[in-house]
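Notebook open, structure on screen. I want to write down what I looked up, one entry per topic.

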Amino acid sequence: MSTCTPPQQNIIDYDRGGYDYREFWADRQYEDWAESRALDRIMRKLGHPRWFADFGGGFGRNAPHYRRRAHHSVIVDSSANNLTHAGELHAADIAAGRVHLVRGTVTALPFVDGAFDAAMVVRVLHHLDDVKQALCEMGRTINGSWLVDVPIKHHALGRLRSAVRLRLGEMSSPEPLIRGSSEHPFRAYRLPVIRQLLSEADWDSDLVASVNNFRRWDQALPQLVVAALRPLVQTLEIVTQSTGRGWWGPSQFLVATRRSDVRPLLGSTPAGLPTSMAELARRMVCPACRDALTWTADHARCGACLQTFRRQHSFWDFVPQG
Ligand SMILES: C[S@@+](CC[C@H](N)C(=O)[O-])C[C@H]1O[C@@H](n2cnc3c(N)ncnc32)[C@H](O)[C@@H]1O
């Protein structure tokens, strides 16, 4: 099994103070629409994967884009609250064994190499201390293609902002630009740096869309004006999703495709689990030491480091302890 450097990352806590990420979307119809429009188009390029992963998938906001295309999908997220909400939102798909929820970190995933045929990671890279390690770790589990949403610093507005502040040098530096607070840093990258990291990890990448090209345009205007301007801005968004690739919008979508095939080394089928869960269990290992797991209906235990991972209502909790 291949290895990515062990994680040294802080994981942002979306559950602190009872935060409900669903509320973030209450007044962001434009951003949601813009992403949805791009995802709709791009997901077609990923075909009909048997196993699909949505890394940092939150409450499954993007599930409508893969829940019918993929035979089975797994939403992986470190937030118990988000997964609980995903459990409510996708109850029928979960009951049917089409959607699975796994609490875990993208820096130490409980899956075998090549477990998934395709995947996506949307709105997550800005949270990561060590993006190289996390890209390597997520990529390790995929044998096929994945969509990578890259928050870039050198978008049109970012360049303008840096020019006004006489800090254009920060645009060309390979280091991420960090905004926000020390508790909630928000990292924005240079796109070529991320593509280079993917390339070093055996991935070719195509730049497929510039997204959220007019982010927050609708936040400061009266609702009547927003309603009147919406068709125009949506048309501009559609045009810039292709013409703005690499330079205009703050979110740049890549589709990365593996150069060489990785055949997953599946485990044996555990007895006593529903068929679809048993199929997922064959793709899972201990996130701490990558050893095989022994399964019951409500927990999985690692034979090597002896950690136990439990089922918590609608999700399995695979956050390694310590
Ligand atoms: C901005 S939200 C995006 C959620 C979803 N992808 C979407 O587009 O709606 C970021 C998500 O990443 C999760 N997250 C942050 N760091 C993570 C990590 N290291 N491993 C797994 N999930 C993580 C958070 O819990 C949160 O649900």
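I started with Ala 119, which touches Phe 52, Ala 53, Phe 55, Met 138, Ile 142 and Trp 146, leaving out residues up to four places away in sequence. Touching, or being in contact, is defined as two C-beta atoms, placed from the backbone, lying within 7 Å. I note that this is a predicted model, where local features need pLDDT of at least 70, side-chain atom pairs count only at pLDDT 80 or more, and totals for chains, interfaces and linings use all residues. Residues are numbered from 1 along each chain as its sequence is written.

Which residues touch the most other members of the largest nonpolar core? They are Ala 119, Val 121, Met 138 and Trp 146, out of 76 residues. Helix α1 (residues 29-45) gives this core its largest share, six residues. A nonpolar core here is a set of buried Ala, Val, Leu, Ile, Met, Phe, Trp, Tyr and Cys residues joined through C-beta atoms within 7 Å. Buried means 20 or more other C-beta atoms within 10 Å of a residue's own, exposed means 12 or fewer, and partly exposed is in between, with C-beta atoms placed from the backbone.

**The sheet.** I traced 11 strands in an open sheet with mixed pairing, ordered β8-β9-β5-β4-β1-β2-β3-β13-β12-β11-β10. β8 (203-211) and β10 (293-295) are the edge strands with a single partner each, so one side of each has no neighbour in the sheet. On average, neighbouring strands are turned by 20° against each other, direction ignored. Strands (E, at least two residues) and helices (H or I, at least four) are DSSP runs numbered from the N terminus, and two strands pair if DSSP finds at least two bridges between them.

**β1.** Next I looked at β1 (residues 51-55), where five of its five residues are buried. Trp 51, Ala 53 and Phe 55 are on one side, Phe 52 and Asp 54 on the other, so I count both faces as covered, going by the burial cut-off. β1 runs parallel to β2 (residues 72-77) over five bridges, and Phe 55 has Val 76 as its bridge partner there. Four bridges join β1 to β4, also parallel, with Asp 54 partnered by Met 120.

**β3 and β13.** Strand β3 (residues 99-103) runs parallel to β13 (residues 315-317), joined by two bridges. Val 102 is bridged to Trp 316.

**Helix α7.** I found α7 (residues 191-200) lying across β5 (142-151), β8 and β9 (251-258), at about 150° to β8. Axes are lines fitted to C-alpha atoms, for helices over the stretch in contact, and angles run from 0 to 180 degrees between N-to-C directions.

**Two loop residues.** Is Phe 111 buried or exposed? Phe 111 is buried, because 26 other C-beta atoms lie within 10 Å. Phe 111 sits in the loop between β3 and β4 (116-121) and touches Thr 141, Arg 283, Met 284 and Val 285, again leaving out residues up to four places away in sequence. Its C-alpha is 9.6 Å from that of Leu 266, 155 residues apart along the chain.

Thr 296, in the loop between β10 and β11 (299-302), is partly exposed, with 13 other C-beta atoms within 10 Å.

**The ligand.** Last, I listed 20 residues around the ligand, the closest being Tyr 14, Gly 56, Gly 58, Arg 61 and Ser 79.

Methods
A residue is near a molecule or strand if its C-beta atom, placed from the backbone, lies within 6 Å of it.
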